[in-house]
Amino acid sequence: MNDLIAQDQYKVSSKLILNDQTRKVLTMLYQPIMGHCALSIYYTLWSELEREKMISIPSNHHRLLSMLDMNISVFEKERNKLEALGLLKVYCRSNDSKTDYIYELFAPLSPSKYFKNQVLSIMLYKLLGEVEYEKTKYYFINIDIIKDDYANITKSFNDVFRIDLSNTNRVIANDNTFKEEVNNEPNLVYDIESLVNYLKQYQVKKSLLVPEVMEQIVQLASLYQVDSIEMGKIIIQCIDRNKINIEQLALKCQNYYDLENQGEVSLVHNVQPIRSRTAVGADKKSLKIKNLEEVSPYELLYHYQGSQPVTRDLKIIESIMLKQKLNPGVVNVLIELSLALNDQQLVKPYMETIAANWARKKIKTVSQAMDEALKIRDMRNNSKQVVTTKEVEEVDIDAVMDDIRKLYEE
């Protein structure tokens with residue numbers, strides 16, 4: 001394919017009707033991921049559509065680039081983002097004398113489909129942070145009105161209308177003139193053929209790989225960077241009662257990423273948000289709270305270890321913060337608790353159990369987390385105690401919690 005030049009012609013086509021809801025989805029859900037320049041291209045291309053025919057007259061890129069105030073290099077880079085997110089398809093035709101393009105616009109996903117998409121929802125969360133992500137998600141939630149005390153008195157079509165067919169000879173067939181609005185998932189490229197072939201070797205039934213399941217598999221594979229062979233191995237572990245357990249698949253993909261991916265962690269360097277800080281006064285407990293609010297989990301681990309924390313420990317903390325969305329100060333309390341109860345070790349299953357419990361209780365502040373840590377001492381029934389390693393079972397819980405209480409109380 002020839003490189004794009006300003007003289008190349010293009011026209012725009014679409015089945016999209018851009019309404020207020022579509023604009024909100026594009027601006028609030030897609031713009032954080034693709035940026036304002038890509039969104040500007042989308043809106044500009046849509047504005048060129050003839051309202052009646054939904055196809056534009058041919059034009060050249062020089063005019064488009066002038067309107068966007070972009071050079072060709074920037075335009076192509078930003079256009080690629082639209083393509084990757086499933087908002088645009090590009091078709092090219094070249095001959096000796098000229099090259100022309102068709103830009104086909106697609107509607108964004110509905111909010112419901114967007115937040116169910118593993119890739120888009122996690123990207124948005126990482127970009128916005130917990131608070132803004134939840135605020136944005138809440139904006140699109142439809143609140144149901146409680147109608148328990150109301151009777152449904154809605155009239156049906158037949159109650160209201162009567163059609164006189166006495167002078168009508170024409171039978172109107174299904175009309176295919178109008179095209180349905182189409183939206184696309186992000187354009188994820190994955191070696192599905194190799195995955196299917198691998199699963200065939202282990203007699204995995206093709207009926208398990210229905211389109212909805214395959215869509216989830218591709219999203220998880222792309223998100224957690226799992227190749228087709230490794231994904232096949234993980235899928236085999238997640239088959240339960242002739243069905244692929246998607247929740248288990250997602251968990252195992254994340255565990256695979258934690259073990260295999262050596263990229264730098266980022267959440268462990270955050271500190272407690274200002275809005276969630278509660279330390280007041282100069283007593284010992286207040287100073288302890290203040291300290292845990294002002295240091296990051298990375299710095300706390302560095303302090304206890306006396307050197308740079310190992311990657312394994314950082315990955316444990318990063319995974320917990322990402323999955324359970326706990327504040328950094330709360331995670332600091334969890335770190336101290338695990339070190340105290342597990343012979344100065346961070347035990348992942350043990351920490352995940354407590355973290356999930358604190359997330360359900362909506363523990364947001366260091367003070368709340370410290371109170372929860374102190375409650376652990378009340379778990380006296382060893383047969384029902386939540387433990388995950390032999391070392392934890394052998395710890396004298398009361399003695400350890402007495403030490404922790406001395407840290408947190410005057």
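The model is predicted, so local features need pLDDT of at least 70 and side-chain atom pairs count only at pLDDT 80 or more, while totals for chains, interfaces and linings use all residues. Residues are numbered from 1 along each chain as its sequence is written, and side-chain values use heavy atoms, with hydrogens and water left out. Helices (H or I, at least four residues) and strands (E, at least two) are DSSP runs, numbered from the N terminus.

**Confidence**

- The chain has a mean pLDDT (the predictor's confidence in each residue, from 0 to 100) of 82, and 82% of its residues reach 70 or more.
- Confidence is highest in helix 4 (residues 72-84), at a mean of 94, and lowest in helix 19 (residues 390-393), at 44.
- Over residues 380-395 pLDDT stays under 50, and for this stretch the model has 17 contacts (heavy atoms within 4.5 Å) beyond four places in sequence.

- An open sheet with mixed pairing is formed by 4 strands in the order 2-1-4-3, where two strands pair if DSSP finds at least two bridges between them.
- Strand 2 (59-60) and strand 3 (88-94) are at the edges with a single partner strand each, so one side of each has no neighbour in the sheet.
- Strand 1 (residues 9-14) pairs with strand 4 (residues 99-105) in the parallel sense over 6 bridges, and Ser14 has Leu105 in strand 4 as its bridge partner.

**Helix 16 and helix 18**

- Helix 16 (residues 328-341) packs with helix 18 (residues 366-375) at an angle of about 25°, their axes being 8 Å apart; axes are lines fitted to C-alpha atoms, for helices over the stretch in contact, and angles run from 0 to 180 degrees between N-to-C directions.
- That angle makes helix 16 roughly parallel to helix 18, since angles under 35 degrees count as roughly parallel, over 145 as roughly antiparallel, 65 to 115 as roughly perpendicular and the rest as oblique.
- Gly329, Val330, Val333 and Leu337 of helix 16 make the contact with Val366, Ala369, Met370 and Ala373 of helix 18.

**Helix 14 and helix 15**

- The axes of helix 14 (residues 297-305) and helix 15 (residues 311-324) cross at roughly 150° and come within 11 Å, which means that helix 14 is roughly antiparallel to helix 15.
- Here the contact is made by Pro297, Tyr298, Leu301 and Gln305 of helix 14 and by Asp313, Leu314, Ile317 and Met321 of helix 15.
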